[in-house]
Amino acid sequence: MIIEKLILVIVIFAVSILAALYSTLLERKAAAWFQDRIGPNRTGFFSLLQPLADGVKMFIKEDGIPLNTDKWLFIIGPGIAMFTSLITSTVIPWGPDLEIFGSKVALQIAEFDMGILFIMGVLSISVYGIMIGAWASNNKYSLYGAIRASSQMISYELAMGLIAITIIMMTGSLSLRAIVESQHGMNWNIFYQPIGFVVFFICALAETNRAPFDLAECESELIGGYHTEYGSMKLGFYLFAEYVNMFISAAIISILFLGGYNFPGMDSFSGNILAIMCLGAFFTKIVLIIFIFMWIRWTIPRFRYDQLMHLGWKKLIPIALINLMITGIIIAFTKGWFN
Amino acid sequence: MQSLSNRSKVVSNKPMTFLERMYLPVIFGGMWITFKHLFKKNVTLQYPEEQKVFAPVYRGQHVLKRDEQGRENCTACGLCAVACPAEAITMIAGERKKGDEDKYREEKYAEVYEINMLRCIFCGLCEEACPKEAIFLTDRIVPSQYEREDFIMGKDTLVEDMNNRIDISLRQMTGKRGEK
């Protein structure tokens with residue numbers, strides 16, 4: 001049992017790292033396509049070895065620690081960022097049970113009853129990676145970047161949480177697997193909560209510090225933001241953590257709104273074939289959402305800081321609250337509480 | 001005042017409408033524009049494999065021409081060096097020895113002829129100054145080097161190879177020379 005879980009842990013970590021690796025490639029390719037360019041095409045077929053080349057380049061770079069920095073925090077910072085972004089993948093249900101040699105293998109590392117709460121909790125911890133790294137580098141630009149990143153994450157977490165609560169109310173469970181299972185077939189939450197989906201999507205963009213909300217690292221104002229002083233693989237960890245975050249948030253969006261591993265017409269399959277097709281469906285959704293993330297990045301210019309806060313506090317949170325209230329009233333009516 | 005191009009817009013500071021404040025319609029419009037760019041033709045030129053065709057007036061690396069019998073045209077008169085605004089050209093003249101008649105066309109020739117490609121501004125004045133049609137600028141790009149000294153090109157690179165002659169007929173057709 002433990003060995004089975006260990007193998008699953010390693011596989012899922014490898015998969016999320018691999019997905020993040022190739023989303024860096026997809027990012028570069030997508031950027032090129034949107035700008036009428038070709039993009040990287042010198043490393044193997046479709047430049048599939050490009051992430052490897054990037055990684056080797058990152059490792060070869062000089063790994064300097066500037067003077068007047070808090071050395072230990074400086075080293076721990078990227079580690080925390082990476083750790084928090086990887087750990088969320090433990091509670092995500094990747095598909096229905098597989099049957100291998102007669103024993104059932106759940107495609108989920110930890111089947112929490114409160115998976116969604118765990119994810120929200122880890123999301124709030126992920127601020128620390130950025131904040132500690134920036135604080136330790138003793139650089140005003142880094143600190144500005146980190147302050148922006150943390151305040152932005154805290155403000156958008158609220159609206160995100162409120163939308164998550166609406167989904168929890170509809171499902172009646174905090175478990176991610178229960179949420180997925182309630183959207184069986186084509187019964188996806190996006191059809192019941194379109195506004196919630198849009199708000200959650202915007203919040204996910206802000207949580208992953210991606211454009212148009214990438215104020216934490218806006219080059220024109222803050223040089224590189226919180227990772228200004230970093231080099232070599234420590235910088236790689238920060239950049240990489242962002243891509244892992246993107247992968248995980250795409251997974252969460254598809255779990256909460258797009259039915260996770262459900263796909264229309266799934267009842268005509270069963271057993272291992274169903275499990276594998278479900279995995280395929282889930283990954284297709286994730287890749288599509290990641291592509292939309294990139295599409296948005298190469299379309300919309302960065303928000304101004306006051307616009308960002310205005311959008312978060314004065315628009316998204318009221319919308320999320322009203323959405324929550326209306327959902328609550330409808331649930332109350334359908335459950336017959338007023339009769 | 002009426003604008004000449006008819007394209008100017010009057011800037012107004014009126015508050016945004018509800019749709020504009022929602023951002024979303026504009027964002028979807030923008031995303032549609034970028035989506036259309038996915039299917040547009042790439043503008044990239046894959047450099048080492050594909051190369052741009054140069055215009056006939058392009059002025060690149062110099063060549064010192066030989067005539068039909070393979071004799072060097074240059075007589076080391078120094079007019080190109082005088083014409084050169086960047087002072088990139090230097091030369092040392094020498095007298096033709098007996099038996100070298102098939103190497104040099106006239107009695108005087110350039111023993112050393114050097115162009116500093118880092119000084120050169122590729123204006124083409126040397127070409128215009130030359131009375132013997134000996135120096136031309138070609139459509140070749142000066143190759144990059146690791147050392148500054150390697151950019152000082154001597155006769156070994158500048159004088160054309162008889163087996164691999166460089167076509168300068170397009171250069172002869174352009175500019176003032178074409179009018180003659």
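Is B:K155 buried or exposed in this structure? B:K155 is buried, because its relative accessible area is 17% and the cut-off for buried is under 20%. Keep in mind that what you're looking at is a predicted model.

**Where chain B touches chain A**

- On the chain B side, 18 residues are in contact with 19 residues of chain A.
- Together, the two chains bury about 1600 Å² between them, and 62% of that sits on carbon and sulfur atoms.
- A:R42 pairs up with B:E49 in a salt bridge, with the closest N and O atoms 3.2 Å apart.
- Helix α2 (residues 24-37) of chain B gives the most to the side that touches chain A, with 7 residues.
- Sort that side of chain B by residue type and you get 8 nonpolar, 6 polar and 4 charged.

**The nonpolar cores**

- The largest nonpolar core here has 99 residues, and A:Y156, A:F213, A:L256 and A:F257 have the most contacts inside it.
- Helix α9 (residues 232-256) of chain A gives the most to this core, with 15 residues.
- What does A:F213 touch, leaving out residues up to four places away in sequence? Its partners include A:Q152, A:Y156, A:I202 and A:L205, and also A:F303, A:L308 and A:L311.
- There's also a second, separate core of 22 residues, which includes B:C74, B:Y113, B:I135 and B:L158.

- A:I290 is found in helix α10 (residues 271-297) of chain A, and at 5% relative accessibility it counts as buried.
- Not counting residues up to four places away in sequence, A:I290 touches A:S23, A:L26, A:M246, A:F247 and A:A250.
- Take A:M246 from that list: A:I290 and A:M246 are 44 residues apart along the chain, yet their C-alpha atoms are separated by 6.9 Å.
- A:T166 lies in helix α5 (residues 140-171) of chain A, and it is buried, with a relative accessible area of 0%.
- Leaving aside neighbours within four places in sequence, A:T166 is in contact with A:Q193, A:N323, A:L324 and A:T327.

**B:K65, a buried lysine**

- You'll find B:K65 in the loop between β1 (62-64) and α3 (79-83) of chain B.
- B:K65 is buried, with a relative accessible area of 10%.
- A polar atom of the B:K65 side chain lies 2.8 Å from the backbone oxygen of B:I166.
- Setting aside residues up to four places away in sequence, B:K65 touches, among others, B:R71, B:E72, B:E133, B:F136, B:E160 and B:I168.

**Salt bridges**

- Over all chains, the structure holds 13 salt bridges.
- In chain A, the side chains of A:K234 and A:D63 meet in a salt bridge at 2.7 Å, N to O.
- A:K234 lies in helix α9 and A:D63 in the loop between α2 (50-60) and α3 (71-87), so this pair ties together parts of chain A that are 171 residues apart in sequence.
- A:K234 counts as buried at 11% relative accessibility, whereas A:D63 counts as partly exposed at 46%.
- In chain B, B:E160 forms a salt bridge with B:K65, with the closest N and O atoms 3.2 Å apart.
- B:E160 lies in the loop between α5 (155-158) and α6 (169-173) of chain B and B:K65 in the loop between β1 and α3, so the pair ties together parts 95 residues apart in sequence.
- At 1% relative accessibility, B:E160 counts as buried.
- Now back to B:K155: this lysine forms a salt bridge with B:E72, the closest N and O atoms being 2.7 Å apart.
- B:K155 lies in helix α5 of chain B and B:E72 in the loop between β1 and α3, so parts 83 residues apart in sequence are tied together.
- B:E72 counts as buried too, at 9% relative accessibility.
- Finally, A:E27, A:R210, A:E242 and A:R297 are linked in a network of salt bridges.

Terms used
Residues numbered from 1 in each chain as written. Chains lettered and ligands numbered in written order. Predicted model: local features only at pLDDT ≥ 70, side-chain atom pairs only at ≥ 80, totals over all residues. Heavy atoms only, no water. Contact = heavy atoms within 4.5 Å. Buried area = accessible area lost by both parts, 1.4 Å probe. Salt bridge = Lys/Arg side-chain N within 4 Å of Asp/Glu carboxyl O. Helix = DSSP H or I, 4+ residues; strand = E, 2+ residues; numbered from the N terminus. Nonpolar A, V, L, I, M, F, W, Y, C, P; charged D, E, K, R; others polar. Buried < 20%, exposed > 50% of the residue type's maximum accessible area, 1.4 Å probe, protein only. Core = buried A, V, L, I, M, F, W, Y, C linked by side-chain atoms within 4.5 Å. Polar contact = N/O pair within 3.5 Å; in protein donor to acceptor, adjacent residues only side chain to side chain.
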